[in-house]
Amino acid sequence: MNDTHRNPEDESMNAIHRDLAAFRKMTEQDVPELSHVARAVRNRQSRSEERALMKLFRDHPFMAPAAMTLAILFLVMFVPVSFDRTVGQDVSLKLSGAALDEARVKALATEMKSQLGSESVEVHAEAGAGAPSLEFRAFVASKSDAQAHDVLDAFQRALTEQGLQVATSLKPRVERVSGNVAAYAAERVIRINTQGKSAAQIESEIRSAMIDAGMDDVQVSVTDRPEGGREVRIEANHEATQPGQEIEEPQLVLEGEGQMTDANMLRVKMRKLKDDAGVISLVVEVQDKDRSATATVQNPDSMSESALASEVKSQLFSAGIDADVTFTNGKIEVRPR
Amino acid sequence: MNDRPEADRWSHLLALLDPVHRQAVTTARRLASSSDEGDDLYQESVLHAFRKLDTLRDDSKFRSWFFAILISKHRTRTRRAFWRRFLPLEDAASAEREPAMDPGFGEDEWMRSRRMSQALLALNPGERTALVLHEMQGFTTEEIAGMQGVTPSTVRSRLTRGREKLSKYYVRRGWVDDAAAGSRANLAAVHLEGSR
């Protein structure tokens, strides 16, 4: 080999060759005898059966412990707790670079109030070297920032075209509230009554409720099935902005005729997670009737959509859910067989 | 249904395991993050095989049946290992202890083995399993496809991607081998004799 033409990949192959040989040798050291393994497995089997007996005991408790459990649960539900709740968005639009007359300021504030759906818009003026800069502040009572974001974008584009310098900001307003565990849980539950409503009305109500609960890109489709019943499909996204931030998706409860229960519902939850080392994992959780399964695929971005679907399908199958899985443009479709 | 007496089923399972025992232990160790972890994976697979033995219709298919169990158990463990990353630091440290240096190995050989183990763990589970089974255990792509529940072309893709990633992993860390310069080894040619 000519040293002047060394290719790092070829040299890495040499290293891989030698490392594989060492790895092979190390893993062949001290292979236990089959009889030894059999003894260990039989011990393990006994321990496992003991655990199964304990579980059986737990599954059939006596009435007194049951009452005690209920009492404790009751107490826990009413123990006061504090939790953070996003109550809306603080919106700010700063204008500078040109003087605006009073009528124009008033018109802008009115338009902003109407577009954002906020109760009021405050205007603050700050004197500077040239024309005073103006700040329009408003509060939007929506947990999702999507709508306010769109409105601010539209204002920014229109005002920039008119020669103004525009700066916008959008901050969620978080309040620490005191309540009990039941109140905290209720925060995450969306209840929608479907009685006597058309598919379009239900679609619209679910979409609004999901957006208010802080979910973005909400797509809802409600269709009446020819064989009876309704199919409700909901797709919503939410991106964590802080490392380790837990995203709690709201729980949807449809009440009225044709109640949605776990027995006739398929839930598919897909999350992309990045760990501290920067490794991305795709986690797909599927709940179909009384069965649930999770598939985890590392480095999904390096795989084709068909390979990804095949891996998720295989993992779901191993976990007891036989389903057709497809990925199209990053979106997953799971159809149990 | 487990109609046969337990002792009979154990004897039957051990007779079937005997010819594949060594290969299965080494496979488990190569898939796992350490030999201890691999031995534990093997035991878990044997226990599962014992419980499901009556579902094996044809003894001549035992080898692929048992390896499919081993791979499935490994995949379940990999998923568990993923969640371990969210444990507090001290728990995570105890979950994956660095193995001590084996006195039977030279420092260089031990280090080489460790870094291969580390590099394999950086691959996704499907690629790692395909590489270990094909490159180190000598299984064909068709056999691996049957065990992983995918098509042979998927296995071939996993092998290609796995080899590329392994090579890039080594290059990124500067793990090139001056001592072996001259032999333009190709991982595909590094078909180490499996212990079949």
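Trainee: Leaving aside its neighbours within four places in sequence, which residues is B:Leu13 in contact with?

Mentor: In this predicted model, B:Leu13 is in contact with B:Val46, B:Ala49, B:Phe50, B:Leu53 and B:Phe62, once neighbours within four places in sequence are set aside.

Trainee: What are the residues with the most contacts inside the largest nonpolar core?

Mentor: The general idea comes first. In soluble globular proteins, nonpolar side chains tend to be buried together. Here the largest nonpolar core has 53 residues, and B:Leu13, B:Leu17, B:Tyr42 and B:Phe62 are those with the most contacts inside it. Helix H4 of chain B, residues 62–84, gives the most to this core, with 7 residues. A second, separate core has 21 residues, including A:Leu100 and A:Val140.

Trainee: Which elements make up chain B?

Mentor: Chain B has 9 helices and 0 strands. Of its 196 residues, 52% count as buried. Among contacts in chain B with a separation of 6 or more, 68% are between residues 24 or more positions apart.

Trainee: How do I read a helix pair, and at what angle do the axes of H2(B) and H3(B) cross?

Mentor: Read the angle, then the handedness, then the residues. The axes of H2 (residues 21–31) and H3 (residues 35–51) of chain B come within 7 Å and cross at roughly 125°. Because of that angle, H2(B) is oblique to H3(B). The crossing of H2(B) and H3(B) is right-handed.

Trainee: Which residues make the contact?

Mentor: H2(B) contributes B:His21, B:Ala24, B:Val25, B:Ala28 and B:Arg29, while H3(B) contributes B:Ser35, B:Gly38, B:Asp39, B:Leu41 and B:Tyr42. They divide into 5 nonpolar, 3 polar and 2 charged.

Definitions and conventions
Residues numbered from 1 in each chain as written. Chains lettered and ligands numbered in written order. Predicted model: local features only at pLDDT ≥ 70, side-chain atom pairs only at ≥ 80, totals over all residues. Heavy atoms only, no water. Core = buried A, V, L, I, M, F, W, Y, C linked by side-chain atoms within 4.5 Å. Buried < 20%, exposed > 50% of the residue type's maximum accessible area, 1.4 Å probe, protein only. Helix = DSSP H or I, 4+ residues; strand = E, 2+ residues; numbered from the N terminus. Contact = heavy atoms within 4.5 Å. Axes fitted to C-alpha atoms, helices over the stretch in contact; angles between N-to-C directions. Parallel < 35°, antiparallel > 145°, perpendicular 65-115°, else oblique. Left-handed = near helix turned anticlockwise from the far one by under 90°. Nonpolar A, V, L, I, M, F, W, Y, C, P; charged D, E, K, R; others polar.
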